Every structure is written in structure tokens, then in C-alpha cells.
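Please look through the structure below before reading on.

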Amino acid sequence: MDSTPINENDQWSQKLPEWLAASKALCSEGTVASYIPELSKAPQSALGIHIMDQKGGGITAGDCGLSFTMQSISKVFTLLLALMDNGEKIVFDKVGMEPTGDNFNSMLKLELVQPGIPFNPLINAGAIVISSLIGGNGPEEKAERTLQFFRKLAHNDKLQVDLDVYRSEAESADLNRSMAYFLRDNGVLTGKVNDVLDVYFRHCSIQVRCEDLARMALVLAFDGRDPITGIRHIPRRYVQIAKTFMVTCGMYNASGEFAIDVGLPAKSGVAGGILTLVPGRYGIGVYGPALNPKGNSIAGVHLLETLSKELDWSLF
Ligand code: DON
């Protein structure tokens with residue numbers, strides 16, 4: 001695969017604003033998430049993208065300067081941290097490896113399918129169990145280790161938890177709370193439910209911009225090594241696991257459609273972010289808070305479909 005750094009004069013980088021404008025028109029058909037009340041304040045018509053190459057060069061378009069919380073995108077990186085802390089055996093004894101076809105916050109299969117472990121680490125139930133596996137003494141240390149890990153991958157010491165979003169989620173998380181109690185009763189989750197959820201709410205509320213997502217994605221695009229600094233942050237095997245989950249479950253019950261139409265590993269969040277990557281080439285961060293009915297950025301998905309088709313990015 002060609003790994004030439006992005007050239008601002010390339011024909012496609014000049015086309016990006018045009019493609020973005022066409023996708024932005026879809027924002028009015030989407031809905032900004034409101035089940036976490038603080039998220040409803042996001043600007044419905046925003047759309048931005050940052051594409052970063054292995055030299056740190058990038059092209060951007062649209063509202064890429066806006067901040068937003070990672071939400072479910074954080075689950076990819078807590079999975080990686082839990083794998084680095086515990087190894088595969090311990091992690092996959094407690095969380096499965098299969099897509100569900102259900103909504104991201106469904107607990108249906110926990111009761112229906114034995115042994116009652118979450119199907120995968122990217123649905124809420126799975127990510128809550130993963131939060132319980134992050135190393136550290138108590139929720140403060142676990143949350144701090146997670147934040148430091150994210151800062152390292154984003155190469156940005158300023159990343160912070162958005163406390164307004166964190167509190168808003170903590171006050172409105174009846175479904176996640178009931179899921180966590182159910183998992184504890186099943187013996188899957190150990191420790192205090194409130195402590196585990198505190199770590200989970202905090203990592204979902206880490207605030208980023210498209211550039212941060214692009215840099216984190218770049219590390220995955222280069223199998224765990226930051227190509228700009230040359231530093232290896234994550235063992236290659238764990239990145240392979242994470243990228244496979246991104247393909248099979250990263251866009252929830254729209255993952256099959258996304259694999260067909262875009263064909264790249266990706267992870268979305270309900271605040272409107274999408275992190276994706278072109279292996280060996282680019283890390284990409286997208287922000288568009290208007291969501292489609294499956295909970296993915298409506299304009300962001302459309303923009304990635306356009307880019308993938310125009311630039312022949314699909315892996316399949
Ligand atoms: O637990 C929740 O519901 C949120 N903190 C994260 C959900 C989410 O981002 C789902 N993504 N599409």
C-alpha cells in the first residue's frame with residue numbers, strides 16, 4: 001500500500017471541503033443524543049475531520065476545532081489498557097468476542113445466552129466489565145491511569161475529563177447501573193458497582209478534538225507504535241484484537257453496513273465522534289453530533305463513505 005505523506009496539493013485534499021459540505025447537509029436529518037442531558041448542548045449542524053499521516057502532517061476540514069467527549073470511542077483504549085494489565089486469558093474469560101446485533105446499551109443477551117458474560121468489550125456491558133479490569137488501587141487511580149494512557153496515545157498532556165458530562169451521565173445512568181448490578185450478581189463483575197461505574201463514566205467523558213482522535217488512531221494504524229515519535233505504546237497483538245473488534249462491533253449494529261460501505265476499522269461515540277484509520281497510512285478523527293437511529297454520526301458516516309469510495313480505502 002502507498003504510504004506517501006499527505007500532500008496538501010493532492011487533488012483529494014482539495015476536494016475534501018466539497019465532500020464535507022455534501023455530508024454536512026445530512027446533519028438536519030440526525031438527532032443529537034440527549035439521554036445524557038449534557039450532550040444535548042452540542043451543535044447539531046457541526047461536522048469536522050482531521051486526517052493525520054505518519055509524519056504528523058494532516059489535512060482538516062470543517063468544525064475540527066470543536067471539543068467533544070469520547071464516549072464509546074474510549075472503550076477501544078480501555079480494552080487495550082485492560083489487555084496490557086491482565087493479558088488475554090483473564091480479559092476474555094469475562095468478556096466475549098462476538099457482535100450482538102443489538103443496541104449498544106442492550107442487556108437482553110446477558111440473561112438469554114449462558115454463561116452470561118457480555119458478548120464483546122465495545123457494548124456498554126462489556127466496557128463496564130473492562131473498566132473493572134483496569135489496574136490500580138481504587139477508582140481514582142484506575143481513572144488516572146486511564147487518562148494518562150489516553151494522553152500518551154494522543155500526545156496531548158492537556159486531555160481532561162469533562163466534569164459536566166461526567167456528572168450528567170452519572171446522574172442519568174439507570175440502565176448502565178442496572179446492567180452493572182446484574183453483572184455483579186452473575187459473578188462477572190467484582191468490586192463495588194459505584195466504583196466501577198465511576199471509572200467508566202470518567203473515561204467516556206474524556207474531552208478531545210478531531211486531532212486527538214486522529215493521533216490515537218494513527219498509533220493503531222501503525223500497530224501500536226506512534227510513527228511520529230517511533231515509540232511503541234501497545235503490543236502489536238493487542239492492537240490486532242482491538243482493530244478486529246472495531247471492524248465487527250465498532251459501529252454497533254451498523255457494523256456490517258459500515259464494513260461494506262467504508263471498509264475500515266472504526267469506533268463511534270454518542271457525542272458524535274468517530275475514530276477510524278487506514279492501516280499503515282492515516283489516523284482519522286471525525287466529529288458530527290447529529291446521530292442516525294443506530295447512534296452513529298449521520299454526516300460523519302456519510303463523509304467516510306465518500307472518502308473511502310473516492311480514495312479506494314476499503315480493506316475488503
Ligand atoms: O454508556 C453510555 O451510554 C455512554 N457513556 C457511551 C455510549 C456510546 O457512546 C455508544 N456509542 N455509540
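In which loop does Pro115 lie? Pro115 is in the loop between α4 (108-112) and α5 (124-133). Helices here are DSSP runs of H or I with at least four residues, strands are runs of E with at least two, and both are numbered from the N terminus. The peptide bond that joins Gln114 and Pro115 is cis, with omega at about 15°.

This is a predicted model, in which local features need pLDDT of at least 70 and side-chain atom pairs count only at pLDDT 80 or more, while totals for chains, interfaces and linings use all residues. Residues are numbered from 1 along each chain as its sequence is written, and side-chain values use heavy atoms, with hydrogens and water left out.

Another loop, between α6 (138-154) and β5 (160-161), holds His155. Phi of His155 is near 55°, which is a positive value in a residue other than glycine.

Helix α9 spans residues 193-204, twelve in number. From first C-alpha to last, α9 reaches 16 Å, close to the expected 16 Å; the expected span is 1.5 Å times one less than the number of residues. Nine of its twelve residues are buried, so α9 is largely enclosed by the rest of the structure. Buried means under 20% relative accessible area, exposed means over 50%, and partly exposed lies in between, with a 1.4 Å probe and protein chains only. Among the buried residues of α9 are Val196, Leu197, Tyr200 and Phe201.

Helix α13 (residues 298-311) has 14 residues and reaches 20 Å, close to the 20 Å expected. Because eleven of the 14 residues are buried, α13 too is largely enclosed by the rest of the structure. The buried ones include Ile298, Leu303, Glu305 and Leu311. Asp312 is in the segment after α13. Asp312 is exposed, with a relative accessible area of 66%, and its phi is near 60°, again a positive value in a residue other than glycine.

What surrounds the ligand? There are 14 residues around the ligand, and the closest are Tyr35, Gln71, Ser72, Glu169 and Tyr200; a residue counts if one of its heavy atoms lies within 4 Å. A polar side-chain atom of Tyr200 is 2.5 Å from a ligand oxygen atom. For Tyr35, a polar side-chain atom is 2.6 Å from an oxygen atom of the ligand. An N or O atom in the side chain of Asn176 is 2.8 Å from a ligand oxygen atom. Of the 340 Å² of accessible area that the ligand has on its own, the protein covers 99%, by the Shrake-Rupley method with a 1.4 Å probe.

Note on methods: A polar contact is a pair of N or O atoms within 3.5 Å; within protein, one must be able to donate a hydrogen and the other to accept it, and residues adjacent in sequence count only if both atoms are side-chain atoms.
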